[in-house]
Amino acid sequence: MHDQLPDHLLRVYRFALHLSGDQHLAEDLAQEAMLRAVRASGSINEPLALKIWLLRVVENMWRDWCRAKLKRTVEALPETEIVRDELEPLERIAQAEQVALTVGAMRTLPERQRSVLHLIACEELSITETAEVLQITPEAVRSSLSVARARMRKMLQPPETASESGMQNEGRET
Amino acid sequence: MKKTNEQFDELDNAIDRNLLAAHQQVHFRPEWAEGVLREIASQDATKQVTVQRHKSWQPVLAIAAGLLLAVAGSCWLVAPDGLRQQDSKVTVASRPLDSLEKDTPSLELNDPATDSSENAKSPVAESVIAGPGYLTSQLSDDVDFEIYVVLPTINTASKR
């Protein structure tokens, strides 16, 4: 299993960066996740299980880090501030205008919706796998994804159609 | 005008493509990645060595435990005999002393560690063979024996 770990390093780092928005924190989270994988090597055998396991560990560590930070600081960081900081590295490296706009729109989403969208769009996980990583139900994943997509469409649709569609583009037609 | 599902799909796909494009441009620092991979390799090596050590130590530990058990068992078998012999000597030696001084512990008189006199080193059975008169005659001539008889009396007095 250790042979497969280097293949997951970039994925783990990207997810950690997506969550934290901080390069150094992402490095710490990713490194710890990889080392935990070494220690838990006996219990993980399948490559897919290892991938999901690593992403879940990063997600858990990020949550722990947020809780610890909230405890440490008297002034708890507001959710909006976390959201603003998290995708700054992605924004910096996004060259194309559309890409930058998309990333900018994504950063305004709540954390759950962003993670769902990230895992499905970037990591190409299924609904079930995403649910496993985030430790929520598949129904909750579907719901978050639906709302996230609707919000993204609303923010990114061409200006000429935005006024026409109004609130109708919040959801799909049945 | 309402958007169709196809238009939603196109827009969703475009969003996913853009997110993926941004995602794929994220790269870690090479020096950090090298450090992590080194650490993984070292941890893996340490773990393997630890596992191997555990495996190689298991039979050694089993043999050592077996030897310890054997030694402990033999000690258990031998020890009662020795104690029994010592107990018999003490019992025998206490008889003439009891006749002289009932409060005097007989063990002190027969303990070579506390008694350097020749009488103490000599077999106690000699006093038994000689009868009660043997120790009486020895005590009258031997100063050391007087001291050993008197000391417990002092201790008993101090407790009171």
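1. A residue is called buried if 20 or more other C-beta atoms lie within 10 Å of its own, exposed if 12 or fewer, and partly exposed in between. This cut-off is needed for several of the points below, and it should be kept in mind that the model under discussion is a predicted one.

2. Overall confidence comes next. The model scores ipTM 0.71 and pTM 0.54. Chain A averages a pLDDT of 79, with 73% of its residues scoring at least 70, whereas chain B averages 64, with 38% of its residues scoring at least 70. In chain B, the stretch of residues 88–124 has a pLDDT below 50, although the model gives this stretch 47 contacts beyond near neighbours in sequence. Within chain B, confidence is highest in helix α1 (residues 5–24), at a mean of 87, and lowest in helix α3 (residues 106–109), at 44.

3. Chain A also has stretches that call for caution. Over residues 74–85 of chain A the pLDDT stays under 50, and the model has 7 contacts beyond four places in sequence for them. Residues 164–169 of chain A likewise stay under 50, with 7 contacts beyond four places in sequence.

4. As to the make-up of the two chains, chain A contains 10 helices and 0 strands, and chain B contains 7 helices and 0 strands. Of the 174 residues in chain A, 37% are buried, while of the 160 residues in chain B, 9% count as buried. If one takes the contacts between residues at least 6 apart in sequence, 56% of those in chain A join residues at least 24 apart, and in chain B the corresponding share is 50%.

5. Which residues touch the most other members of the largest nonpolar core? They are V12(A), A16(A), A30(A), A33(A) and V58(A), in a core that has 44 residues. At least two residues of this core come from each of α1 (5–20), α2, α3 (47–72), α6 (97–106), α7 (111–121), α8 (127–134) and α9 (138–156) of chain A, and also from α1 of chain B. Taking V12(A) as an example, and leaving aside residues up to four places away in sequence, one finds that it touches A30(A), A33(A), M34(A), L54(A) and V58(A).

6. Helix α2 of chain A, which covers residues 23–39, has 17 residues and reaches 24 Å from its first C-alpha to its last, close to the 24 Å expected at 1.5 Å a residue. Its buried residues are A26(A), E27(A), L29(A), A30(A), Q31(A), A33(A), M34(A) and A37(A). Two of the residues named here, A30(A) and A33(A), were also listed in the previous point for the core.

7. Helix α7 of chain A is mostly covered, since 9 of its 11 residues are buried. These are Q113(A), R114(A), S115(A), V116(A), L117(A), H118(A), L119(A), I120(A) and A121(A). What covers them includes α1, α6, α8 and α9 of chain A, together with α1 of chain B.

8. Most residues other than glycine have a negative phi. E124(A), however, is not a glycine and yet has a positive phi of about 55 degrees; it lies in the loop between α7 and α8 of chain A. Is E124(A) buried or exposed? With 10 C-beta neighbours inside 10 Å, E124(A) counts as exposed, because the cut-off for exposed is 12 or fewer. Q135(A), in the loop between α8 and α9 of chain A, also has a positive phi of about 55 degrees although it is not a glycine, and Q135(A) counts as exposed with 11 C-beta neighbours inside 10 Å.

9. The loop between α7 and α8 of chain A also holds S126(A). With 12 other C-beta atoms within 10 Å, S126(A) is exposed. The C-alpha atoms of S126(A) and V141(A) are separated by 9.9 Å, and these residues are 15 apart along the chain.

Methods: Residues are numbered from 1 along each chain as its sequence is written. Chains are lettered from A and ligands numbered from 1 in the order in which they are written. This is a predicted model: local features need pLDDT of at least 70, side-chain atom pairs count only at pLDDT 80 or more; totals for chains, interfaces and linings use all residues. Helices (H or I, at least four residues) and strands (E, at least two) are DSSP runs, numbered from the N terminus. The expected span of a helix is 1.5 Å times one less than its number of residues. pLDDT is the predictor's confidence in each residue, from 0 to 100. Two residues are in contact if their C-beta atoms, placed from the backbone, lie within 7 Å. A nonpolar core is a set of buried Ala, Val, Leu, Ile, Met, Phe, Trp, Tyr and Cys residues joined through C-beta atoms within 7 Å.
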